[in-house]
Structures are given as C-alpha cells and as structure tokens.
Amino acid sequence: MTTFCQRWLKNISIAISMIAFCWSLSVAAWTPTSYAALPAGNAITDGKALLRYALPIDNQPVRQLQASLEDIANQLRANRRWGAIANDLKGASRAISNPEKILSSVPAERQPQAEKIIAQIKDGIPKLQEATDKKDKENIWVERANILNLVSELEELMVKEFPYEVPAQYSNLPQLKGRATIAFKTNKGDITVVVDGYSAPVTAGNFVDLVQRGFYNGLEFIRAEDSYVLQTGDPPGKDQGFIDPNTGKYRAVPLEILVKGDAEPTYGVTLEQAGRYTDEPVLPFSAYGAVAMARPEFEPDGGSSQFFFFLFEPELTPAGRNLLDGRYSVFGYVTEGKEVLEKLKAGDKIESAKVIQGADKLVQPQVA
C-alpha cells in the first residue's frame, strides 16, 4: 500500500509540474496540450526504431525483418512470452532467407556492402535463437540490438536520393539532406544524438550547422523538468537565439513537421492549426530523448538555436497519446546516453558538441 501511495503521489507531483511548466514559459514556450495522436495500440517508444521507420524506403522483406526483431522487445516486457519470441525469430529468418528481394532496393554500387551486412545478420540470428532457447533475457537484448543495428545500416543503404524539394523560401538556411550523428560531452557524461534530415531538413540543417560552428560548446542547460523536458541553446547575453554573422540578424527556422503519408513536411503551422488533429508525425514525441526545437509560444517560425530533450514519462503519457506532437519540430533522437539525461539539471553544461558522422550531408545556402 505504501509503495502504491508513493507512486501515486509521484505521478500527481509530476503532472502538476507539467501543467505549471506549460503555462509558465515565455521564450521557447509550450502551448496547450496537442490533440495529435498515434494510432491505437502500442506506440513505438524506441528512438532507434523510429529512426528506422522514418527512412524513405519501400522494401517489404527488410521491414518485416525489422518488425519481427523489434516485436521481441514487446514479448520480453510481457512476462517473457517465449513462444511469441520463437515466432518472431521464424519471421526474421524468413525475411532474410531471400536476400535478392532485399538487394533489389539497394543501388548497384552499394550491393557488395549490403551483402556483407546480410551475411552478418544471418550469422547473428542463430546467436539470438540460442539465447532464446536458454531463456537468457539479458543476452537476448544484446543480440537483438546487434542485429537491429545491422538492419539500420542495411536500410540506410537503400535510400537512393533525397525524396523531395525543400521550398525555395528556405534556401537561405542550411539544410541536412540525410542524417548526421552528434556527440555531446556534458559535465555529467556523454550523449549521442542522430538527427534526421529526411524528415526535418531545415531544422536538422540549422542544428548541424550550429554544432559545426561550436555554438553549443560551453552552453548551460537552462531548464530541467523531471519527466518532461531538458532545454539548452540560449547563448550568453540578451540574444535568445543565433545571430548570423553574415547578416547580423536572428536566424529563425520554420516549424517543420513531416506527417506519415505526406510527400514533404508542413511548414509554418501546427497540425492543430491545419485541422489535422489526428495525423501522426513521422518523428513523434513518443520516445525518451526525442530532440526538438524550442520556440516562442505564439511564433511557429520563431525557433533558432534553443532545443530540448523530451524526457518521456510513459506513466503520464500513455501509448498513442503525446503532449507535443504536431506543435514542435522533432528532428532526432538520443541513441546513446539516455541515462545521462536523467542526471542533467539546470546549470549543467555542454562541454562540447561535435558532428561525428554525416557532415557531408549538410548543404549550406548559396551566397549571392
């Protein structure tokens, strides 16, 4: 009974904090709760999985391979349903058994690399099967993660070209035409973030450009709300964003949200304002460590350098219902170092931020 009461009081306390937080922000504020929702069922709460599904590819066998491996996590959490895990492994084995169907989506020049990855996946599945036969839950997690990392590499090889044209009105801003990986060093530990230019090229491009400029080095975290958000990116002085030295002006980036099924992102308007209350963003706030742009409350296109990590609390944000979807631009997820996010508080610092992969995907605006 005592444990239940403590848990109840904790949830009430967090809920009150969240409500107060929503109403108290000025710059980079949050507006009232969004009505955008994920479809009924289990929301995907793993950032790496969301990044895999966000890739602009269409290959059924590799998606089946991915889905089978990811479902193992659901079964492990549901009292270790060993029979269901065995079925998932059978599905994964079937999906990888015909590599020609997978390779058909890979450009010819990348196929040798893809073949090596497929061979590694085939070698990994028996190891996962062995761990399952032994009911070794810890090792199942490890082997599954190893194979899914290979699946990510394989799927990324399938992307042939950037899938759409960014509106010309944003040609004055950096754009990320692909993905990049950022390594943060903080005074509490290291964090790795993958940013997705396929879903948010302008937002991600602005962010990667600022990282390359060293803008975030030494900046403090300015707000930390347990089980909600951790925000940074406010430079010293009166400015609340990045002042472009080429123009001497505040660099503003538009609200940018790609909805599932759309060919390109929506710009400058929340999904609620667009009347798309139930549409699902490709990059939702359903994962702990989602990375999104902060902005003034009533200025959808007022974001600049401030961003926040969403500290997803599943007890308060049920599967399929997210507080901020459609109102703020998610542009990536923490893939390593989630435990560090739990330690960081207001006043802690980013010691350094560095692009360790994907810098070549950044396209700078043409100078007139």
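A: Begin with the term nonpolar core: a set of buried Ala, Val, Leu, Ile, Met, Phe, Trp, Tyr and Cys residues joined through side-chain atoms within 4.5 Å. Buried means under 20% relative accessible area, exposed over 50%, and partly exposed in between (1.4 Å probe, protein chains only). This is a predicted model, in which local features need pLDDT of at least 70 and side-chain atom pairs count only at pLDDT 80 or more, while totals for chains, interfaces and linings use all residues. Residues are numbered from 1 along each chain as its sequence is written, and side-chain values use heavy atoms, with hydrogens and water left out.

Q: Which residues of the largest nonpolar core touch the most other members?

A: In soluble globular proteins, nonpolar side chains tend to be buried together. Here the largest core has 96 residues, and I121, Y216 and F309 touch the most other members. Setting aside residues up to four places away in sequence, the contacts of F309 (heavy atoms within 4.5 Å) include V193, F221, Y228, V291 and V334.

Q: In what order do the strands of the open sheet lie?

A: Strands (E, at least two residues) and helices (H or I, at least four) are DSSP runs numbered from the N terminus, and two strands pair if DSSP finds at least two bridges between them. The order of the eight strands is β4-β5-β11-β10-β12-β3-β2-β13, with antiparallel pairing. At the edges are β4 (221–225) and β13 (350–357), each pairing on one side only. Between β10 (residues 290–293) and β12 (residues 330–336) there are three bridges, and V291 stands opposite G332 in β12.

Q: How many aromatic pairs are there, and how is a pair described?

A: A pair of aromatic rings is described by the distance of the centres and the angle of the planes. Rings of Phe, Tyr and Trp (its six-membered ring) pair if their centres lie within 6.5 Å; planes under 30 degrees apart count as stacked, over 60 as edge-to-face and the rest as tilted. The whole structure holds 17 such pairs. F162 and Y198 are stacked, at 6.2 Å centre to centre and 25 degrees between the planes. F162 lies in the loop between α7 (137–157) and β1 (175–176) and Y198 in the loop between β3 (189–196) and α8 (201–213), so this pair ties together parts 36 residues apart in sequence.

Q: Which pair is edge-to-face?

A: F308 and Y328 have ring centres 6.2 Å apart and planes at 80 degrees, so they form an edge-to-face pair. F308 belongs to strand β11 (residues 307–310) and Y328 to the loop between β11 and β12.
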